[in-house]
Amino acid sequence: MRPRSLRSRLTFAYTAALVIGLVVFAVVSDVLLDRAFKVMVDQRLRSTAEAAAAIVDTTARGGYLNASDTRQFERIIGVKLDGALIRSDGTILISSAEAVPPEVMAFACDWRTRTRLAALTPYAQGGDTLRATHAPVLRGAAVTGIAVVWLWSCAVRQFAPNAP
């Protein structure tokens, strides 16, 4: 067996350093892009919840939505997000989803918590997570309801196709 020449050892060392550097760069880039994307999604969820909470006419007791408000709610939520307006007694005023997951309902009805953003794992979905946020519907200083908006993790890629 011939000892390796200096040239082959330097080539091997250079190749190993280059591969290690590229792997570290890829991992760091993936983590940073994932974090930036989550921040963008969270900001979108928060602003959507606040906009949905603002459309409720709180001059009437308990709030209500007329046909124009319903169309506006549908435009605010759009097709990529799910959302609901829930009265303070727990009744659903309007929802863009067929059914509001129980975990989202519990999160929305616990509006006294300081948490406005959460990652939830509904039992019925088999481990699929969702990101949810809520915003209070105010009448003066009193909370008359809550607007909750959520996005399933399987829909995250569809939410922003340019995302990593």
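The following legends describe close-up views of a predicted model of one protein chain.

**Figure 1. Overall arrangement of the protein chain.** The chain contains 4 helices and 5 strands. Read from the N terminus, these elements follow the order α-α-β-β-α-β-β-β-α. The chain comprises 164 residues, of which 33% count as buried. Where contacting residues stand at least 6 apart in sequence, 50% of the contacts join residues at least 24 apart.

**Figure 2. The salt bridge between Asp34 and Lys38 within helix H1.** The structure holds 2 salt bridges, and the view shows the one formed by the side chains of Asp34 and Lys38, with an N to O distance of 3.6 Å. Both residues belong to helix H1, which spans residues 6-54. They are 4 residues apart, or about one turn of the helix. Asp34 has a relative accessible area of 35% and is therefore partly exposed, since the value falls between the limits of 20% and 50%. Lys38 is likewise classed as partly exposed, at 38% relative accessibility.

**Figure 3. The salt bridge between Arg131 and Asp42.** Here the side chains of Arg131 and Asp42 meet with an N to O distance of 2.8 Å. This pair connects distant parts of the chain, for Arg131 lies in strand E4 (residues 130-139) and Asp42 in helix H1, 89 residues apart. Arg131 is partly exposed, with a relative accessibility of 22%. Asp42 has a relative accessibility of 10% and counts as buried, because buried means under 20%.

**Figure 4. Arg4 over the ring of Phe12.** Arg4 is placed over the face of Phe12, at 5.8 Å from the ring centre. As for pairs between aromatic rings, a search of the whole structure finds 0.

**Figure 5. Packing of helix H1 against helix H2.** Two packed helices are described by the angle between their axes and the distance between the axes. For H1 and H2 (residues 67-77), the angle is about 175° and the axes are 10 Å apart. H1 is therefore roughly antiparallel to H2, as the angle is over 145 degrees. On the H1 side, the contact is made by Thr48, Ala51 and Ala52. On the H2 side, the residues involved are Phe73, Ile76 and Ile77.

Figure 6. Gly83 is part of strand E1, which covers residues 82-87. Its relative accessible area is 0%, so Gly83 is buried. With neighbours within four places in sequence left aside, the residues in contact with Gly83 include Phe73 and Ile77, both of which also take part in the contact between H1 and H2. Thr48, one of the H1 residues in the contact with H2, is 35 residues from Gly83 in sequence, and their C-alpha atoms are 8.9 Å apart in space.

**Figure 7. Ser47 of helix H1 and Val149.** Ser47 is located in helix H1. With a relative accessible area of 39%, Ser47 is partly exposed. Ser47 and Val149 are 102 residues apart along the chain, and their C-alpha atoms are separated by 9.6 Å.

Notes
Residues numbered from 1 in each chain as written. Predicted model: local features only at pLDDT ≥ 70, side-chain atom pairs only at ≥ 80, totals over all residues. Heavy atoms only, no water. Salt bridge = Lys/Arg side-chain N within 4 Å of Asp/Glu carboxyl O. Helix = DSSP H or I, 4+ residues; strand = E, 2+ residues; numbered from the N terminus. Buried < 20%, exposed > 50% of the residue type's maximum accessible area, 1.4 Å probe, protein only. Phe/Tyr/Trp six-rings, centres within 6.5 Å; stacked < 30°, edge-to-face > 60°. Lys NZ or Arg CZ within 6 Å of the ring centre and 35° of its normal. Axes fitted to C-alpha atoms, helices over the stretch in contact; angles between N-to-C directions. Parallel < 35°, antiparallel > 145°, perpendicular 65-115°, else oblique. Contact = heavy atoms within 4.5 Å.
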